[in-house]
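Visitor: I would like to learn how to read a model like this one, feature by feature. Please show it first.

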Amino acid sequence: MQRRHDRNWSKSGDQFTEQEKRSRINHSKRSAGLSFRKTPATLLSIDTTAARRRSTGQGAARPSRQGCRVNAAAHLHRAFRRRRPRGAARPSAARGGVGAHRCFQPASSGRGSHEVQSWTRATKQSLCLVWQKVKLQLMLSMSFLVAVFWYCRRLYSFLAQLLKRWSSYLQRKLIKNHSVLEEVDLLTYSAREWREETKQAKHMREAYSELFQNYHIKYLRQVRKDNYCILRAVLFQIFSQGIPFPSWMRERDILKLPEKLLYSQGCNWIQQYSFGPESYTGPNAFGKLRKCMETLKTNWAEISGTKDNEKRRNMCNALFSDESKEHKLYEAIKFIMLYEVVEAYEQMKNRDEPIPHLFRRLFARDTSSDPLSFMMNHLNAIGDSGCLDQVELFLLGYLLEVKIKVYRLHRFKSEEFQVNCPDEYRREWNEISLLTEDDHYYHIPVIRT
């Protein structure tokens, strides 16, 4: 019985010790004002105290509530002193603060941060894969757009150039009388071209007013301003007035002039003759000159033989709207000028008969002392980079047997305001008129009484 009683007492003592441990721990937590986790050191100290009491027989007596509080506080104090390193600051909970709760973070916060990092990493990887696929498509699209833009640009430039060529071709074929415009009022033209209030503009307006009042020039026909300008103005008036061939041309066949100059007089340097913008043609010069002479003879004979003024005017407009035929006419006139210079030079060397004074003036120049220098320095430049000088204008009137009356507006109020080319002319020669503002470009004045 005694053993059974001791066994029951030991069981109840063990139960008491377990309850005592829980109560002490809970009571120490409430007294300290914080919740903490059970550490192995704390449990070890409580178990050691309970075992000591059982061995000494003190476990049978129920300890008082005040003693339990003191022992629990002491055990806790010793446990915390063992865990805290020496020299470390006391936790705020030991001083009664509330910051100690931060030291006891739940394990779920670490798990959540790991999940966020894994989701971020997965998102980044998916975005990288999508960008790699989209990047290739973008590069292909940009390359295609650049190729399309380049092709469209080339196509646009090609179409623009083609349209420009077609417009110029249609302009040459359809627009009549493009190189010589229709008549305009002289004073209206003067007011439009010289509307400034400068000294030169006032001088030009006075000169135009003088032509209108005292010289009966009421209208003006503008001529295209290029280096064929003076030849165009002279030939247009000859054709429109129906002036026939000069007397010396009726006696000779002008188609044989290139052959005569090349073979009879031995002028092999004729191969250096240039046709306006065409600087050098070589052996082809002879054939091209013959075609030019044929064009001049055919058109001059056809137009001068037409008695109807309206029909002749229409023929002139059609001829001087064809640039190719125009240039052949001018090159033929240039060659006739060269032929006359060669004839005069041979007469001057042989002293067979006197030559006109204009040829002596021409040969007196350093740049035209002989026919070759005259061709190289003067004739070849006409139509390309230069026009006729006053001496060449005298020569032009002489070989065409026309009296060219020139009104030089920049010489207004001087003796050279009106000049005749050539100054030695015959009474039976026909008369044509030119008007110039600078001795470079010429227009056609129209006289109405």
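Visitor: What percentage of the residues in the protein chain is buried?

Guide: Buried means under 20% relative accessible area, exposed means over 50%, and partly exposed lies in between, with a 1.4 Å probe and protein chains only. Here 37% of the 449 residues in the protein chain are buried. This is a predicted model, in which local features need pLDDT of at least 70 and side-chain atom pairs count only at pLDDT 80 or more, while totals for chains, interfaces and linings use all residues. Side-chain values use heavy atoms, leaving out hydrogens and water, and residues are numbered from 1 along each chain as its sequence is written.

Visitor: How many helices and strands does the protein chain have?

Guide: Helices (H or I, at least four residues) and strands (E, at least two) are DSSP runs, numbered from the N terminus. The protein chain has 15 helices and six strands.

Visitor: What share of the contacts with a separation of 6 or more joins residues 24 or more positions apart?

Guide: Contact means heavy atoms within 4.5 Å. Of the contacts in the protein chain with a separation of 6 or more, 73% are between residues 24 or more positions apart. Ala318 lies in helix H11 (residues 309–319) and is partly exposed, at 36% relative accessibility.

Visitor: Next, helix packing. At what angle do H7 and H15 pack?

Guide: Axes are lines fitted to C-alpha atoms, for helices over the stretch in contact, and angles run from 0 to 180 degrees between N-to-C directions. Angles under 35 degrees count as roughly parallel, over 145 as roughly antiparallel, 65 to 115 as roughly perpendicular and the rest as oblique. Helix H7 (residues 229–241) and helix H15 (residues 390–400) pack at about 25°, their axes 12 Å apart, so the two are roughly parallel. The contact uses Ile230, Leu231, Val234 and Ile238 of H7, with Leu393, Leu396 and Leu400 of H15. Ala, Val, Leu, Ile, Met, Phe, Trp, Tyr, Cys and Pro count as nonpolar, Asp, Glu, Lys and Arg as charged, and the others, Gly among them, as polar. By class, this contact of H7 with H15 has seven nonpolar residues, no polar and no charged ones.

Visitor: How is H12 oriented relative to H15?

Guide: The axes of helix H12 (residues 323–350) and H15 come within 10 Å and cross at roughly 90°, which means that H12 is roughly perpendicular to H15. H12 contributes Ile333, Ile336, Met337, Glu340 and Val341 to the contact, and H15 contributes Glu392, Leu395, Leu396, Tyr398, Leu399 and Leu400. The residues of this contact divide into nine nonpolar, no polar and two charged.

Visitor: Are H5 and H6 roughly parallel or roughly antiparallel?

Guide: The axes of helix H5 (residues 186–193) and H6 come within 10 Å and cross at roughly 180°, so H5 and H6 are roughly antiparallel. On the H5 side the contact has Leu186, Leu187, Tyr189 and Ser190, and on the H6 side Met204, Arg205, Tyr208, Ser209, Leu211 and Phe212. The class count for H5 with H6 is seven nonpolar, two polar and one charged.

Visitor: Now the backbone. Which residues does the cis peptide bond join?

Guide: Most residues other than glycine have a negative phi, and most peptide bonds are trans. A cis bond joins Cys421 and Pro422, with omega about -5°. Pro422 is in the loop between strand S4 (418–421) and strand S5 (430–436). Cys421 is buried, at 1% relative accessibility.

Visitor: What is phi of His216?

Guide: Phi of His216, which is not a glycine, is positive at about 60°. His216 sits in the loop between helix H6 (199–214) and strand S2 (217–223) and is partly exposed, with a relative accessible area of 40%. Lys413 also has a positive phi, near 70°. Lys413 lies in the loop between strand S3 (402–408) and S4 and is exposed, at 66%.

Visitor: How many disulfides does a search of the whole structure find?

Guide: A disulfide is a pair of cysteine sulfur atoms within 2.5 Å. The search finds zero disulfides. Cys316, for its part, is buried, with a relative accessible area of 1%.
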